[in-house]
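Here is a short note for a colleague who is new to this structure. Please read the points with the model open.

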Amino acid sequence: MCFCCRLDQSFSSAHQLPQDSMRQYLQFHPDQTVFILHAKVAQKSYGNEKRFFCPPPCVYLSGSGWKLKQEHLKDSNCRLCGYMSLDSPEGSRADTFRLTFEEQPDNRMFTCAKTLYISDTDKRKHFRLVLRLFFSNGLEIGSFYSKMIKVISKPSQKRQSMKNADLCISSGSRVSLFNRLRSQTVSTRYLAVEDGAFVASARQWTAFTISLGSVNGEYSTCDGYICYGCLVQLVCTDTGMALPPMVIRKVNKQHAILDVDEPVSQLHKCAFQFKDGSQMYLCLSSDKIIQFQGSPCPKERSRELLNDGSCWTIIGTETVEYTFSESLTYSQASISPIPVIAALELNGGGHVATLELHGEHFGPHLKVWFGNVEAETMFRTPRSMLCVVPDISVFSGEWRWLRRTITVPLSLLRMDGLIYRSPFSFTYTPEHITPAQNCGASDRLPDSDTLIDTIHQEFTRTNFHLFMQS
């Protein structure tokens, strides 16, 4: 039986056999994922100028659920459409950018908003982007929001301190690098990874994890801020491809300054000097990434002369991902507002443990599911929900003592069958209890009921673990 037929069967039986339907969903994952990639800061435009966001916000759509949805609409000409804009207060209207999606070699759909900007009439210090998706037949999909973006007037030239930590680039964070030859906007090129190679792309940009290097060659992903003169490594967040270790240098008027050790700040001009190459720098030439040899400055020993292609602008980036599935519902209602789980908090122990969900856009119409098991759920506020952790026995079946961990995904299920998949999983981990540890003076094993009860109490009191899926 084909996948679509099996899904159709699950549609008709979703209300009668929700557990079986959820099990089938977990097996095939007919998801629809919206991935928004954007910069952490945006430079404000003044007067009639338009400083378009650089790099431009990007949207990727992935998952088999998109094609399944189109097939269920029974309209082969139905296309995905969208608009992106700045969020705006009620009653006001923001300029929108119409998005055109194109299919990528990896089967994802891609688009970017190239002409978004924030004017000086907007007095906000922070804002979010809003993405509105719909089909060309008018059917609304929903609205998706970016993370907060900080508004700045221009790149800071002052030495950064902890007071402005949000402007500093930290180790383990994600960044984008772009280059503008002769400061011309039309010549902007982004460091990217395409077809297994590092390139300078005029279309798409890649987020890189920047990590501090140490003397022994290891790289830290969470300790400290990136400072000029530090050894760093750039790793593509999509493919895992890494550039060789490089020393990051501050750039001023096309010179690499070798004796500066201040923190790297948003939208700073910088250069990357290869660790094992004498005066060799990361450079672009047309669409290729090459090495360029800097030359000593005759007047100042602490400076090296670079070319345009070796001078990069660095900026922090953010990503937000929404994953949902309409495979268990025929409802044509919008998927918005989309509930977002930000953190989990385990409470209680013994035979009953509860899990508190912190986030936003919660409601009484949502139920928490542990794998294919529905949990007793209590709505508290739009930012808080509580559920009872299902007993381990619903996953382990008949057992005397558990010898392995069991990990199940956490999802939210709307009353109409819409599934919101979360990035969290819940792991049950057993105590290492052996028969010898439970024996009395007579060296007899306890009866099975007592043993199971003991394991349950130890289990729920001390051994629940939560972790983020990669």
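**Cysteines and a sheet**

1. Start with Cys168. Its sulfur lies 7.9 Å from the closest cysteine sulfur, that of Cys227, which is too far for a bond. Keep in mind that this is a predicted model. Cys168 is buried, and its relative accessible area is 9%.

2. How many disulfides does a search of the whole structure find? The search finds zero. Cys58 is in no disulfide either; the nearest cysteine sulfur belongs to Cys112, 5.0 Å away. Cys58 is buried, with a relative accessible area of 0%.

3. Now turn to the sheet. Four strands make an open sheet, ordered E5-E4-E9-E10, with antiparallel pairing. Strands E5 (96–99) and E10 (140–145) are at the edges. Each has a single partner strand, so one side of each has no neighbour in the sheet. On average, neighbouring strands of this sheet are turned by 20° against each other, direction ignored.

4. Look next at one pairing within the sheet. Strand E4 covers residues 80–86 and strand E9 covers residues 129–135. Seven bridges join these antiparallel strands. To find one of them, go to Ser85: its bridge partner in E9 is Val130. In general, strands of a sheet pair through backbone hydrogen bonds.

5. Last, the helix. Which strands does helix H3 lie across? Helix H3, residues 65–73, lies across E4, E9 and E10. Helix H3 runs at about 40° to E9.

Conventions
Residues are numbered from 1 along each chain as its sequence is written. This is a predicted model: local features need pLDDT of at least 70, side-chain atom pairs count only at pLDDT 80 or more; totals for chains, interfaces and linings use all residues. Side-chain values use heavy atoms; hydrogens and water are left out. Two strands pair if DSSP finds at least two bridges between them. Helices (H or I, at least four residues) and strands (E, at least two) are DSSP runs, numbered from the N terminus. Axes are lines fitted to C-alpha atoms, for helices over the stretch in contact, and angles run from 0 to 180 degrees between N-to-C directions. Contact means heavy atoms within 4.5 Å. A disulfide is a pair of cysteine sulfur atoms within 2.5 Å. Buried means under 20% relative accessible area, exposed over 50%, partly exposed in between (1.4 Å probe, protein chains only).
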